[in-house]
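Here is a short briefing on one protein chain.

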Amino acid sequence: MASDDRNSDIAERPSTVPWPPIILAGVVIAAIALRYIAPLPWPGIDDQPAHLVGLGIGAAGIVLLIWALLTLRGHGTTFLPDAGATTLVTTGPYRRFRNPIYLADTMILLGAAEVTKNIWLVIAAAGFAALVTWLAILPEERHLEHRFGDAYRAYKSKSRRWI
């Protein structure tokens, strides 16, 4: 593919594959399977305060996910990871984080790990974060920079990719 073709493609959409839901489903399935194939003991403290912290992380992830999706919807742009953005959203959770949906997914995985005491979900959360950065976030950043130019670069300088 010629360089002009790639630039044209990235201007239209960040990717032709919706990587985040594929990665999320893959790591969850792997974590569930590994719990039975290669069980690992839960290393955390099994007490009420630790349980509440884990639940809090998962619940905060659900709230963040809903807030991020509603913010995108309110701006009339897509939440689909393989579709092109029509608006640069810098309000709501996007004011602080450039990728609140992926952060929320990771927090939900960590909360699920606490609820199920499946250490593989903690490992899955780390794997998800690494893979989604490489396969989704970096292409999304190129897409947004190409589409919104200086406005995106200014936003990028004031917000964080993750936390």
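In this predicted model, 77% of the protein chain's contacts with a separation of 6 or more join residues 24 or more positions apart. The protein chain has six helices and zero strands.

**Architecture and dimensions**
- The element order from the N terminus is α-α-α-α-α-α.
- Along the principal axes, the C-alpha atoms of the protein chain fill a box of roughly 55 × 35 × 25 Å.

**Surface and charge**
- The protein chain has 163 residues, and 37% of them count as buried.
- Its accessible surface is about 9,100 Å². Carbon and sulfur atoms hold 67% of that surface.
- The protein chain carries 15 positive and 13 negative charges.

**Confidence**
- Mean pLDDT for the protein chain is 92. A value of 70 or more is reached by 93% of its residues.
- Confidence is lowest in α1, with a mean of 60, and highest in α2, with 98.
- Residues 1–5 have pLDDT below 50. Beyond near neighbours in sequence, this stretch makes two contacts in the model.

**Ser-15**
- Ser-15 sits in the loop between α1 (3–12) and α2 (19–37).
- Is Ser-15 buried or exposed? Ser-15 counts as buried because its relative accessibility is 14%, and the cut-off for buried is under 20%.
- A polar atom of the Ser-15 side chain lies 3.0 Å from the backbone oxygen of Val-17.

Technical notes: Residues are numbered from 1 along each chain as its sequence is written. This is a predicted model: local features need pLDDT of at least 70, side-chain atom pairs count only at pLDDT 80 or more; totals for chains, interfaces and linings use all residues. Side-chain values use heavy atoms; hydrogens and water are left out. Helices (H or I, at least four residues) and strands (E, at least two) are DSSP runs, numbered from the N terminus. Buried means under 20% relative accessible area, exposed over 50%, partly exposed in between (1.4 Å probe, protein chains only). A polar contact is a pair of N or O atoms within 3.5 Å; within protein, one must be able to donate a hydrogen and the other to accept it, and residues adjacent in sequence count only if both atoms are side-chain atoms. pLDDT is the predictor's confidence in each residue, from 0 to 100. Contact means heavy atoms within 4.5 Å. Accessible areas come from the Shrake-Rupley method with a 1.4 Å probe; for residues, only the protein chains shown count as cover. Lys and Arg count as positive and Asp and Glu as negative; His and the chain ends are not counted. The place of a charge is taken as NZ of Lys, CZ of Arg, CG of Asp or CD of Glu.
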